[in-house]
Amino acid sequence: MKPAAFAYARARSVEHAISLLGEHQGDARLLAGGQSLIATLNMRLSSPSLLVDINRLPDLGAISVTAGIVEFGALVRHVQAEQSETVARYAPLIARAMPHIAHPAIRNRGTIGGSIAFADPAAELPACIVALGGELEIAGPHGRRSVSAEAFFKGMFETELGPHDLLTAIRVPAADAKTRAGFAELARRHGDYALTGLAACARATAGGLSDVHLAYFGVGTMPVRARNAEAALDAGDIENAVRAIATDLDPAGDLHASAELKSHLAGVLLRRVFRQLSEQPT
């Protein structure tokens with residue numbers, strides 16, 4: 001299929017992009033990597049009157065580390081993060097997740113900001129940002145504001161972004177010597193959306209792990225924190241953590257996996273990720 005007719009405009013600045021969105025009263029869409037948008041246009045699941053191209057906006061394509069914070073501009077490409085030594089050192093969870101995102105052709109064009117703003121519940125990066133306790137910077141008609149990752153995601157494909165808003169930056173705490181990261185997912189084929197996935201981070205202690213954060217994806221309408229399992233892992237009890245998954249998650253079955261299978265896979269992934277967190281050098 002081909003998309004319905006639309007107009008095209010190239011934004012000269014963040015403010016110009018916001019102005020263009022406002023002029024079309026919610027009937028405009030932002031074009032960044034386009035890896036999700038183009039598919040929805042071609043299938044006519046989306047039919048905006050205007051596409052606002054933000055690919056040439058300055059200062060949104062850099063990765064930096066300042067005062068213990070890693071900042072990703074919203075236009076950072078997946079491949080850029082995947083190949084970055086800075087990300088490998090200071091954001092190892094994101095580095096672990098990157099090879100699981102679709103295929104190289106998608107990662108060459110797709111953007112970190114686009115993936116997070118699209119908020120697909122089976123996508124890897126939203127769960128990573130939630131597990132890391134990240135923060136999102138949003139620019140809108142009334143200026144810029146910051147929102148925690150957990151507050152940003154509202155439901156399936158729903159976020160804190162308003163119709164005239166633009167996601168400009170993603171910030172996560174920089175890893176140090178005590179940071180531990182774990183990531184795993186199960187999909188029918190490499191590159192497919194995960195049936196179930198888990199992003200995790202923790203702090204290493206003399207006796208094990210503390211401050212464990214577990215964010216599941218593919219099991220709800222948005223990333224899901226497994227807080228009872230987190231508490232069990234803080235206490236060093238993996239068996240109790242696996243049992244706690246039954247109270248933390250309430251997945252719905254779909255065409256690819258039943259609710260029971262997803263719950264089982266969540267426990268399998270928890271064991272794998274726990275080993276990753278525990279086996280990293282202290």
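How far is the sulfur of Cys 201 from the closest cysteine sulfur? The distance is 9.5 Å, to Cys 128, which is too far for a bond. A disulfide here means a pair of cysteine sulfur atoms within 2.5 Å. By that test, the whole structure holds zero disulfides. Cys 128 is in no disulfide.

This is a predicted model: local features need pLDDT of at least 70, side-chain atom pairs count only at pLDDT 80 or more, and totals for chains, interfaces and linings use all residues. Residues are numbered from 1 along each chain as its sequence is written, and side-chain values use heavy atoms, with hydrogens and water left out.

Cys 128 is buried, at 0% relative accessible area. Cys 201 also counts as buried, at 11%. Buried means under 20% relative accessible area, exposed over 50%, and partly exposed in between (1.4 Å probe, protein chains only).

Next, the sheet. Five strands form an open sheet in the order E4-E5-E10-E6-E7, with antiparallel pairing. Strand E4 (63-66) and strand E7 (143-148) are the edges; each has a single partner strand, so one side of each lacks a neighbour in the sheet. From one strand to the next, the twist averages 25 degrees. Strands are DSSP runs (E, at least two residues), numbered from the N terminus. Two strands pair if DSSP finds at least two bridges between them. Axes are lines fitted to C-alpha atoms, and angles run from 0 to 180 degrees between N-to-C directions.

Look inside the sheet at E6 (residues 135-140) and E10 (residues 166-173). These antiparallel strands are joined by five bridges. Leu 136 stands opposite Ile 170 in E10.

Terms used: Helix = DSSP H or I, 4+ residues; strand = E, 2+ residues; numbered from the N terminus.
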